[in-house]
Amino acid sequence: MKLQWATYRDASDQCSLSRIWGGIHPSLDDIPGRIIGEKIGKKAFDFSLKYFDGKEKPVSMLEGDMKVYPNPIHSSSKELFVSFTTENDIIHLFDINGRLLQVPSKTFDEATKISRLILSKSLSTGIYIVKINNLSRKIIVVNKI
């Protein structure tokens, strides 16, 4: 069996209909969903054009360049390093539930642009989030047995 459609819209319509017939998508949502989808799709496409024609720059190159290491951290060393930072960067540590933990003490090396964080010795095994200004990185703390 070979399936073929004349346009992308035809394929999209067929996909929507199969979701309705299969009971995955309630028919009451079909027409309102298509109307909203058409409006949002056009706006999203128009919004994205400025990123592809070079008129708008992506958010921040810092997000791609920022390195947090070592990851995982072992219990023998509770030091964490963050590259591409400044002395004025605000650094917070959160547990996986979003609770703010004690703010780690920080030293900054101007020459290398690396911040050295001293984490609490009582930090238990788990996953934590380091937030530097508005950028977040996941770190894993592993205690050796």
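Thr85 is buried, its relative accessible area being 2%. In this predicted model, Thr85 sits in the loop that links strand S3 (79-83) to S4. Along the chain, Thr85 and Asp109 are 24 residues apart, and their C-alpha atoms are separated by 9.4 Å. Of the 145 residues in the chain, 19% are buried; Thr85 falls in this class because its relative accessible area of 2% is under the 20% limit.

The chain contains three helices and eight strands.

Lys113 is not a glycine, yet its phi is positive, at about 60°. With a relative accessible area of 34%, Lys113 is partly exposed, since this value lies between the limits of 20% and 50%.

On the surface, Ile96, Ile127 and Ile140 form a nonpolar patch. Together the three residues have about 240 Å² of accessible area. Ile96 is located in the loop between strand S4 (91-95) and strand S5 (105-109). The relative accessibility of Ile96 is 56%, so this residue counts as exposed, the cut-off being over 50%.

The largest pocket has a volume of about 250 Å³. Its lining consists of Tyr8, Arg9, Ser12, Asp13, Ser16, Arg34 and Glu38. Helix H1 (8-21) and helix H2 (30-52) are the elements that give two or more residues to this lining. The greatest contribution comes from H1, which supplies five residues. By residue class, the lining of the largest pocket comprises four charged residues, two polar residues and one nonpolar residue.

Methods:
Residues are numbered from 1 along each chain as its sequence is written. This is a predicted model: local features need pLDDT of at least 70, side-chain atom pairs count only at pLDDT 80 or more; totals for chains, interfaces and linings use all residues. Side-chain values use heavy atoms; hydrogens and water are left out. Patches are made of residues with over 30% relative accessible area and no salt bridge: like charges are joined within 9 Å, nonpolar side chains (Val, Leu, Ile, Met, Phe, Trp, Tyr) within 5 Å. Accessible areas come from the Shrake-Rupley method with a 1.4 Å probe; for residues, only the protein chains shown count as cover. A salt bridge is a side-chain nitrogen of Lys or Arg within 4 Å of a carboxyl oxygen of Asp or Glu. Helices (H or I, at least four residues) and strands (E, at least two) are DSSP runs, numbered from the N terminus. Buried means under 20% relative accessible area, exposed over 50%, partly exposed in between (1.4 Å probe, protein chains only). On a 1 Å grid over the protein atoms alone, a cavity is a set of points where a 1.4 Å probe fits but cannot get out, and a pocket is an open set with protein on both sides within 12 Å along at least five of seven lines; lining residues have an atom within 4 Å of a point. Grid points are joined across faces, edges and corners, and a volume is the space filled by probe spheres set on the points. Ala, Val, Leu, Ile, Met, Phe, Trp, Tyr, Cys and Pro count as nonpolar, Asp, Glu, Lys and Arg as charged, and the others, Gly among them, as polar.
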